[in-house]
Amino acid sequence: MFSMRIEVDRFPCEDEDGEVFVVIVRRQFVEVDLLSGPPELVGDVRDFALIDGRAVTRIDGKLNTFKIVATDRILHAIVK
């Protein structure tokens, strides 16, 4: 069994000072052995990070609002 993390999306966000950051959405895939047939890849866990690797979390209940874990800086997705 193996697992891999794949980038599935990226988008710009900005903080209250107007500084722009790029948030990357990654999805964790795990190989699952089935009772019959070949193994399957299953992916349900998503995580977020800045392009420089710093961890980001989504703020509960706010689809387009994130927080940089290390600094508690709040980011809002730039929606066009």
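**Strands, core and contacts**

Q: Is Thr 65 buried or exposed?
A: Thr 65 has a relative accessible area of 10%. Buried means under 20% relative accessible area, exposed over 50%, and partly exposed in between (1.4 Å probe, protein chains only). Thr 65 is therefore buried.

Q: What kind of model is this?
A: Residues are numbered from 1 along each chain as its sequence is written, and side-chain values use heavy atoms, with hydrogens and water left out. Local features need pLDDT of at least 70, side-chain atom pairs count only at pLDDT 80 or more, and totals for chains, interfaces and linings use all residues, for this model is predicted.

Q: How many helices and strands are there in the protein?
A: Helices (H or I, at least four residues) and strands (E, at least two) are DSSP runs, numbered from the N terminus. Along the sequence the pattern reads β-β-β-β-β-β. The count is zero helices and six strands.

Q: What radius of gyration does the protein have?
A: The radius is taken over C-alpha atoms, and the globule rule is 2.2 Å times the number of residues to the power 0.38. A compact globule of 80 residues would come near 12 Å. The C-alpha trace here spans about 55 × 25 × 20 Å along its principal axes. The radius of gyration of the protein is 16 Å.

Q: Why does Ala 77 count as buried?
A: Ala 77 lies in strand 6 and belongs to the largest nonpolar core. In soluble globular proteins, nonpolar side chains tend to be buried together. Ala 77 counts as buried because its relative accessibility is 18%.

Q: How far apart are the C-alpha atoms of Ala 77 and Phe 21?
A: Contact means heavy atoms within 4.5 Å. Not counting residues up to four places away in sequence, Ala 77 touches Phe 11, Pro 12, Cys 13 and Asn 64. Ala 77 and Phe 21 are 56 residues apart along the chain. Their C-alpha atoms are separated by 9.2 Å.

Q: What is the C-alpha to C-alpha separation of Glu 14 and Thr 65?
A: Glu 14 lies in strand 1, and Thr 65 in strand 5. Beyond four places in sequence, the contacts of Glu 14 include Ile 74, Leu 75 and His 76. Thr 65 is also in contact with Ile 74, Leu 75 and His 76. Glu 14 and Thr 65 are 51 residues apart in sequence, and their C-alpha separation is 9.7 Å.

Q: How far apart do the centres of the positive and negative side chains lie?
A: Lys and Arg count as positive and Asp and Glu as negative; His and the chain ends are not counted. Each charge is placed at NZ of Lys, CZ of Arg, CG of Asp or CD of Glu. There are 11 positive and 15 negative side chains. The centres of the two sets are separated by 2 Å.

Conventions:
A nonpolar core is a set of buried Ala, Val, Leu, Ile, Met, Phe, Trp, Tyr and Cys residues joined through side-chain atoms within 4.5 Å.
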